[in-house]
Every structure is written in C-alpha cells, then in structure tokens.
Amino acid sequence: MTTKAKICGLSTPETVKTAFDGGAAYLGFVFFARSPRNVEPETAARLIEPVRGRGVQTVAVTVDPDDALIDRLMATMRPDLIQVHGKETPSRLREIAQRSGVGVIKAFSVSSSADVDQARAYETVAEQFLFDARPVEGSALPGGTGARFDWSLLQGRRFSRPHFLAGGLDPWNVGAAVAASGAPLVDVSSGVERGPGLKDPALITAFLDAVKRA
C-alpha cells in the first residue's frame, strides 16, 4: 500500500505548487490566529485555485471552530475536508460535517495508548483521524511544534477510518516513522520549514520523495 502525504501550513503559491508537483495527496491550510502558519480563508482560496479539481484534497485546519468560521471557509476556500484540532466532541463533529457538507478529520494529541483509544468514540462521525504529538505544557499551539510521540503506539491498530501520523516528521525520519507505526497517511508541517511558518520547497520535495520510498 502506497503511503500518502499531507503538507500542512502552506501559505505561498510556490510551496503549494511544489507540494502538488511532488505528489502530495493533501494540502493543508491553517486557520488559527496564534499559529505562524495562519492564513485568511480568502488567501487560501486564491492559493488552491490553480490545483482545484486536479486530484489533490484541500484541508482547512482549525481549532474548536465556531459556526461563523465554518460558514466563511465553505463560502470562500471550499475545502474538501475540515480538520479539527481542539476539544471537539463527537456531537460537535457531526454538527460541523452537517453544516459544511464535507468530511471532518479529527486530530488527537498523543502521549500514551489511552490517547489513541479516544479515536473509537469518533469512528461514526469522523472521515479520518490524525494522531499528533501532545504539545509541551503551556504551548500556545496544539500541533505543528516539531514534537513527536512513540510511533509504535499505532503499530497494529485498526480503525474504521484512515489515519494520519503527525508530529516531528521530516525528510530523514518519515521512512522509519511509517515502518514503526504502519500509518497509511503522514502529515508534516514544521519538518519542511526553514523557520516558523516558512516552508522550504526543497524540504517539501525531499519529504515527498522520502514518502514514496517508505
């Protein structure tokens, strides 16, 4: 089975093109004011226009989004998927899916097997899962910090939904991460940056090449 990759936190035409040309299956755009990768929905709409409908999935990455943000995203960016990275309950996921009309990716912060077990409660409402490293205490960001967790916590796990491995991945360790976790999907953000929020096209290409070899 071929591993598929998501490049998250894109913010420039060059990096969107690089990710698309390199074979990324998903392009992620962050809508969270405290993130250095934050963009406006209208900006994301312009960035994805050249690749819309060309076989790549666009993802709006949010944290406890309210209805106003969901409506704005659907009126402008029109993502294929909405990722939620906060404390959303299963019922809230259902509301978001019904309101937006698109699938929802539920992200979980992981430091133990019990954190992975949380996914079971969301299997009937989430389109996909994303397992990320639990941020350090006091972090302003729920993800994209470069932290990683024990990848083997996912080894042998079976879910009714596809799942992403995220957290601390880069071009040099993603092969080992896939081997250790068995994850069919991988997500990278800070691991392809030369500074906070500054995606490096060469690193994006190197990451996607490494995923193809995984």
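Predicted model: local features only at pLDDT ≥ 70, side-chain atom pairs only at ≥ 80, totals over all residues.
Q: Ok. What does Lys212 pair with?

A: Asp209, through a salt bridge at 4.0 Å, N to O. A salt bridge here is a side-chain nitrogen of Lys or Arg within 4 Å of a carboxyl oxygen of Asp or Glu. Asp209 and Lys212 both sit in helix H7 (residues 201-213), three residues apart, about one turn of the helix. Asp209 counts as partly exposed because its relative accessibility is 33%.

Q: How do you call helices and strands?

A: They're DSSP runs numbered from the N terminus: helices are H or I with at least four residues, strands are E with at least two.

Q: How many salt bridges are there in the whole structure?

A: The search finds 16. One of them is Arg99 with Asp71, the closest N and O atoms being 2.8 Å apart. That pair links distant parts of the chain, with Arg99 in helix H4 (residues 90-100) and Asp71 in helix H3 (residues 67-75), 28 residues apart.

Q: Why do Arg99 and Asp71 count as partly exposed?

A: Arg99 does because it has 44% relative accessibility, and Asp71 because its relative accessible area is 34%. They also belong to a network of salt bridges linking Asp67, Asp71, Arg92, Glu95 and Arg99.

Q: And what about Asp115, which residue does its side chain meet?

A: Arg134, in a salt bridge at 3.0 Å, N to O. Asp115 lies in helix H5 (residues 113-117) and Arg134 in the loop between strand S6 (128-133) and strand S7 (163-165), so the pair ties together parts that are 19 residues apart in sequence. Asp115 counts as buried at 9% relative accessibility, whereas Arg134 is partly exposed at 39%.

Q: Switching topic: what do the strands build?

A: Eight of them close into a barrel, in the order S1-S2-S3-S4-S5-S6-S7-S8, with parallel pairing. The twist averages 25 degrees from one strand to the next. The axes are lines fitted to C-alpha atoms (for helices, over the stretch in contact), and angles run from 0 to 180 degrees between N-to-C directions. Two strands pair if DSSP finds at least two bridges between them.

Q: Zoom in on S4. Which strands does S4 pair with?

A: Four bridges join S4 (residues 81-84) to S5 (residues 103-110), with Ile82 bridging to Val104. S3 (residues 57-62) also pairs with S4 over four bridges, in the parallel sense, and there Val59 has Leu81 as its bridge partner.

Q: Are the faces of S4 buried or exposed?

A: Both faces are covered: Leu81 and Gln83 on one side, Ile82 and Val84 on the other, are all buried.

Conventions. Residues numbered from 1 in each chain as written. Heavy atoms only, no water. Buried < 20%, exposed > 50% of the residue type's maximum accessible area, 1.4 Å probe, protein only.
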